[in-house]
Amino acid sequence: MLVLMIVVGAAAMVCAIMAAFTYLRRKRDPLTADRLARRWLVATAIFGISAIVLRFVWLLLL
């Protein structure tokens with residue numbers, strides 16, 4: 001359970017970094033970059049909430 005929680009947290013971190021990277025490197029088409037960054041932020045939220053839920057489930061199982 002701990003390994004799963006760490007993997008989901010790491011995935012959230014990678015998604016957040018990719019969202020910042022795509023938002024800051026918008027050169028030619030800013031609308032497409034905004035849309036892509038928004039998708040990365042949605043993935044960050046999903047993985048982040050999943051990591052928090054897994055942490056509470058892990059505490060309940062102890």
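Reply: Helices here are DSSP runs of H or I with at least four residues, numbered from the N terminus. The expected span of a helix is 1.5 Å times one less than its number of residues. Two notes on the source come next. This is a predicted model, where local features need pLDDT of at least 70, side-chain atom pairs count only at pLDDT 80 or more, and totals for chains, interfaces and linings use all residues. Residues are numbered from 1 along each chain as its sequence is written, and side-chain values use heavy atoms, with hydrogens and water left out.

Start with helix α1, residues 2-24. It has 23 residues. From first C-alpha to last it reaches 33 Å, close to the 33 Å expected at 1.5 Å a residue.

Now its buried side. Buried means under 20% relative accessible area, exposed over 50%, and partly exposed in between (1.4 Å probe, protein chains only). The buried residues of α1 are M5, V8, A12, C15, A19 and T22. An α-helix has 3.6 residues a turn, so residues three or four places apart point the same way. The partner of these buried residues is α2, residues 30-61.

Look at that partner from two positions. T44 lies in α2. It counts as buried because its relative accessibility is 17%. Contact means heavy atoms within 4.5 Å. Leaving aside neighbours within four places in sequence, T44 is in contact with A12, C15 and A16. The T44 side chain also reaches the backbone oxygen of W40 at 2.8 Å.

With a relative accessible area of 17%, L54 is buried. Leaving aside neighbours within four places, its contacts are M1, L4, M5 and V8. L54 and V8 sit 46 residues apart in sequence, yet 9.0 Å apart in space, C-alpha to C-alpha.

Now the surface. M1, L4, I49, V53, V57 and L61 form a nonpolar patch with about 550 Å² of accessible area together. Such a patch takes residues with over 30% relative accessible area and no salt bridge, joining nonpolar side chains (Val, Leu, Ile, Met, Phe, Trp, Tyr) within 5 Å. A salt bridge is a side-chain nitrogen of Lys or Arg within 4 Å of a carboxyl oxygen of Asp or Glu. Areas come from the Shrake-Rupley method with a 1.4 Å probe.

α2 gives the most to this patch, four residues. V53, in α2, is partly exposed at 47% relative accessibility. L61, also in α2, is exposed at 63% relative accessible area.

Note on methods: Helices (H or I, at least four residues) and strands (E, at least two) are DSSP runs, numbered from the N terminus. Patches are made of residues with over 30% relative accessible area and no salt bridge: like charges are joined within 9 Å, nonpolar side chains (Val, Leu, Ile, Met, Phe, Trp, Tyr) within 5 Å. A polar contact is a pair of N or O atoms within 3.5 Å; within protein, one must be able to donate a hydrogen and the other to accept it, and residues adjacent in sequence count only if both atoms are side-chain atoms.
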